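Open the structure in your viewer and keep the selection panel at hand. The tour goes from one selection to the next and says what is found at each stop.

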Amino acid sequence: MESYLSTLEESYGSFSINQRTVALSAEQYTEEDDREATVELQIQVENEDAEVLYVEEGGTLTLPSTTVSMDESLEPTVKSTVAEKAGIECRIQELDTVTILGLHNADDGESETLYRLAVIFEATHESGAVDEQAIWKEENTERNPVFV
């Protein structure tokens with residue numbers, strides 16, 4: 001985790017780091033424990049009118065997001081995620097926030113904490129019109145890393 005954070009800092013300069021604890025059911029914890037270490041990516045894309053891009057996922061409007069393994073390159077993944085989910089191209093401006101997620105088993109206090117990262121990138125709209133599952137709107141919600 002430390003080497004990954006160092007790599008991000010070398011690539012993007014300084015950024016805010018938050019910590020958050022997430023309680024998981026025993027089943028969710030086991031699934032996470034079996035999965036390789038991942039990074040939860042969210043991308044806040046703004047257009048020329050300072051509106052933020054949201055996509056509909058599961059009946060909810062969210063920032064475009066995806067999960068990647070820690071050995072994947074983030075910038076191509078950010079761009080392809082926005083293109084796939086909203087149909088537009090974006091330009092990454094900066095890495096805004098990194099949150100260290102401490103995942104613990106809510107049903108077993110003796111289980112070790114699993115760690116994951118959630119990263120929020122800021123980007124600007126470069127070209128294209130949004131697909132029907134995406135909209136531009138004034139940002140009126142708090143940006144929080146999601147853990148899926």
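How many salt bridges does a search of the whole structure find? The search finds five. Keep in mind throughout that this is a predicted model.

**Stop 1: E40 and R35**

Select E40 and R35 and show their side chains, which meet in a salt bridge with an N to O distance of 3.6 Å. Is E40 buried or exposed? E40 has 5% relative accessibility, so it counts as buried, the cut-off being under 20%. R35 is partly exposed, with a relative accessible area of 31%.

**Stop 2: K85 and E57**

Next, select K85 and E57, whose side chains form a salt bridge at 2.8 Å, N to O. This pair links distant parts of the chain: K85 belongs to helix 3 and E57 to strand 3, and they are 28 residues apart. K85 is partly exposed at 23% relative accessibility, and E57 is partly exposed at 32%.

**Stop 3: E126 and R91**

Now select E126 and R91, another salt bridge, with the closest N and O atoms 2.8 Å apart. Here too, distant parts of the chain are linked, since E126 sits in strand 7 and R91 in strand 6, 35 residues apart. The relative accessible area is 40% for E126, which is partly exposed, and 44% for R91, which is also partly exposed.

**Stop 4: a network**

Salt bridges with shared partners join E32, R35, E40 and R116 into one network.

**Stop 5**

**Stop 6: a charged patch**

Finally, show the surface and select E27, E31, D33, D34 and E112, which form a negative patch there. Within this group, pick out D34, which lies in helix 2 (residues 26–34). D34 counts as exposed because its relative accessible area is 64%, over the 50% cut-off.

Note on methods: Residues numbered from 1 in each chain as written. Predicted model: local features only at pLDDT ≥ 70, side-chain atom pairs only at ≥ 80, totals over all residues. Heavy atoms only, no water. Patch = residues over 30% accessible without salt bridge, like charges linked within 9 Å, V, L, I, M, F, W, Y side chains within 5 Å. Areas by Shrake-Rupley, 256 points an atom, 1.4 Å probe, with all protein chains shown as cover. Salt bridge = Lys/Arg side-chain N within 4 Å of Asp/Glu carboxyl O. Lys, Arg positive; Asp, Glu negative; His and termini not counted. Charge placed at Lys NZ, Arg CZ, Asp CG, Glu CD. Helix = DSSP H or I, 4+ residues; strand = E, 2+ residues; numbered from the N terminus. Buried < 20%, exposed > 50% of the residue type's maximum accessible area, 1.4 Å probe, protein only.
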